[in-house]
Amino acid sequence: MAPVVSRESQEAPDVRVLSERKEIEAKGEEQEQGVVPIQSLISGSECAAPSNPLSQVLKHTEGDRSLQQLHQLPGSSSSIPANEQDLALARQFFEGSSHGLVPGFSMQHPADLARMSEANARSGMGQAWAMEQQQQQMRAFEDSAKAAWATEFSNAPQTNSSAAPLQQGIPSRPEYQQRPSYMQPMYGNSMPVGLGMYGMNSPPMQYGLNPNMNVSDQGKGKAREVDFEAAFAQIAESFGPKEAQTSRIEEVDDTVASLEEALKNATLNGENEELGTDFQKVWDHLQNSELPPPKEDMAKWEAEFSQLMNAQRDELEDYGANMQKAWEGGLGNFEDTFDQGMKFDGEGIPLLGDYTFEPNNKYLDPSSSRSLLGEAKALLENNGSLSEAALMLEAAIQQGELGEGGYETWVLLGETRNMDEREDAGMRALLQGVRKAEENGTPGAGMLSLAISFTNESYDRASHTMLMRWFRARYPDVQIPEETIRAISTNSSWDTHGRITELFLDLARTQHGKDQMDPELQIALGVLFYTNAEYERAQDCFVAALNARPKDYLLWNRLGSSLSNGNKPEEALGAYREALQLRPTYTRAIYNVGVACLNIGADHEAAEHFLSALSLQESTSGDTSDQLWFTLRRAFLSMKRNDLADLAKPEAKSSLDIFRREGFDF
Amino acid sequence: MSDIKVPGFKASELIAGLETAFSKYTDAEKQSQIKKTNGIFELQVTNDAKETVTWTIDMKKTGTVYKGKAPKADVTIILADDTLVDLADGKLNGQKAFMTGKLKTKGNMMLATKLDTVLKGAKAKL
């Protein structure tokens, strides 16, 4: 997976090399004359060759070997297999680590550097470049991790003697000193953090190594070789002592957060000049130690290498352990997330429990033979008190009068409760009604009301599920894609929202084509848009439904709340007024008027509306809605009347007269 | 606590308002909010001057707002100062902001959609 991605992405810069080489050369000459030789180390034809960074690395190493073979006796056949074995090691080693972290080892880096210089010129690009660089480094990190494993395993059978042929002509002491630093920066670099930091500073380094390369490039004659060795030894020595300062490992926490923060810091620090020189030193070391190490050091090298690799493995184990801990600690355990909160079924419907009947219901009278359901209906018809009607309906249910299909009373009770601003009770009753209707084989009743209730409580998934069930019950003939039905129980609410909206809209358009309009479908669509905060489209739907049912106060209220939540509280008040003219005891509409006033900043008026809604409830049943008290408190707090807010706690249920005495008119 | 505000951030007022509101909630109110939301939001807000501040809204355990990182956030939300204000004003919803890249999340993304419910004070009901 990762290798494919990385190869693709690395091809791009390499292809660019051809065209950008000239720029590099030009820029290099401007700043320092060193760049060209790096490029010429790898001949033009190689640049054009397929750009696997590995092949570039290998070519480079092979080039080095051929250089060394000049020192060697020509045709010393024993060295070749050994070298090959060594090369294999190097191959694995460099494959992972080189392209991400050592500019110049692979062709991709000159390209990056060229872009870097461009970016320097056009500063706006700098950030984009840094981003890209980081991404590459992330990939490099993955690759290097893999390579590291491979190398570690192949290390075991490797004998030290195989390194012998590679040692000639290299000053051994400085070389030895360089090795730790060679390893450590690489190790550090294989973390994205270090790379991000160094990445910003690449240009200076690139030039820093050029003296060496210059010589090695031309070092074909004997005399040149001597020059080269002398120059090399000098440079190697001069860098030797500085190692202590430069060879430091970036401490990398394995928590994601700190890693990311470090990454950010690194990118920011990148502009720091100091780090630039630091990097240059490290780079120079890398450059020097690229040459094969002497024999006895090879053993140490390997020891250190495997030690480091082991350390890395330990870290990986730690990581695993940490993940385990995090998992056990509840991270990613969504069941746990809902432990204190709501429980939901597989389709997102909250498990609310049974409906709680009001105790001491005055309508509970087993001796009476009157139809409470009928009386409640009549009361609702005549604009009576919602709380009172609800009590009648409760008593009717408790006495077994369930109405049509065993669900009618439940559904009516739920809708009445919702109108009376008692969402929780309303939802429970509607859930019962919907279930009974399904059991009765006549699904559909109450589903739309329940979906709206879920929407109010932000149970989006439940709302979608319920709308879907409603749709299938109402339009059994409409073909619904299998995928959409399955998505309800598996996909997120964002996905289901899109699917259901599309389904509903399709049908609405078909109906429109036949000059039909189902107000219920418009309501459902309005609710869907409302859920998604597309309040203007929701308004359109409710207005369309109102055209068919101008006397539906529920619809006026729904239009009002779409306007209100869509930041048009003033217009919302007009819609609420319509609703309240049709139904003066509509508690929810009164509540919504209060909310609109609160949003306008008319806190006093808001409080009065909430109080009048409370008094409406109190006058009949004595019980009041917690939601109303909450919002009333909010109005008092907004007025900076903390004394009143304390009195308005739902559990206090203060007498409303206190507020009347405070000058609130309701 | 007034140090919850950070100069140069429009969302400061919003967060401070939230803090005041939360601090005055009764236990019952807190419980009902917590039950509904049940999540710890970590907001990483960046303003026009590219400064970043982190606020945490704990709607899972304590029902509080504070400046700084959450010890165990359910979702980290990375967004611009303006986006946060728009979210609270209802000009933008969580999903739209996410889809247009104005809001990035780490963790339980679906919880992020509940953020506008938390930020918004009173909401009208259908």
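**Reading the terms in a predicted two-chain model**

Trainee: What makes the crossing of α24(A) and α25(A) left-handed?

Mentor: A crossing has that name if the near helix is turned anticlockwise from the far one by less than a right angle, and is right-handed if clockwise; the crossing of α24(A) and α25(A) is left-handed. The model is predicted: local features need pLDDT of at least 70, side-chain atom pairs count only at pLDDT 80 or more, and totals for chains, interfaces and linings use all residues. Residues are numbered from 1 along each chain as its sequence is written, while chains are lettered from A and ligands numbered from 1 in the order in which they are written.

Trainee: How is the packing of α24(A) and α25(A) described?

Mentor: Helix α24 (residues 482-490) and helix α25 (residues 493-513), both of chain A, pack at about 145°, with axes 9 Å apart. Axes are lines fitted to C-alpha atoms, for helices over the stretch in contact, and angles run from 0 to 180 degrees between N-to-C directions. Helices (H or I, at least four residues) and strands (E, at least two) are DSSP runs, numbered from the N terminus.

Trainee: Which residues of α24(A) and α25(A) meet?

Mentor: A:Thr484, A:Ala487 and A:Ile488 of α24(A) meet A:Asp495, A:Thr496, A:Arg499 and A:Leu503 of α25(A); contact requires C-beta atoms, placed from the backbone, to lie within 7 Å.

Trainee: Why is A:Asp646 called partly exposed?

Mentor: A residue is buried if 20 or more other C-beta atoms (placed from the backbone) lie within 10 Å of its own, exposed if 12 or fewer, and partly exposed in between. A:Asp646 has 14 C-beta neighbours inside 10 Å and therefore counts as partly exposed. A:Asp646 lies in helix α33 (residues 642-647) of chain A.

Trainee: What makes a set of residues a nonpolar core?

Mentor: Such a core consists of buried Ala, Val, Leu, Ile, Met, Phe, Trp, Tyr and Cys residues joined through C-beta atoms within 7 Å. In the largest one, of 98 residues, A:Leu393, A:Ala451, A:Leu467, A:Ala524 and A:Phe610 touch the most other members. Helix α19 (residues 386-398) of chain A gives the most to this core, nine residues. Another core, of 31 residues, lies apart from it and includes B:Tyr25 and B:Phe41.

Trainee: How many residues does each chain give to the contact between chains A and B?

Mentor: Chain A gives 38 residues and chain B gives 23 residues. On the side of chain A that touches chain B, α30(A) supplies the largest share, six residues.

Trainee: How confident is the predictor in chain B?

Mentor: On pLDDT, the predictor's confidence in each residue from 0 to 100, chain B averages 82, and 97% of the residues score at least 70.

Notes
Contact = placed C-beta atoms within 7 Å.
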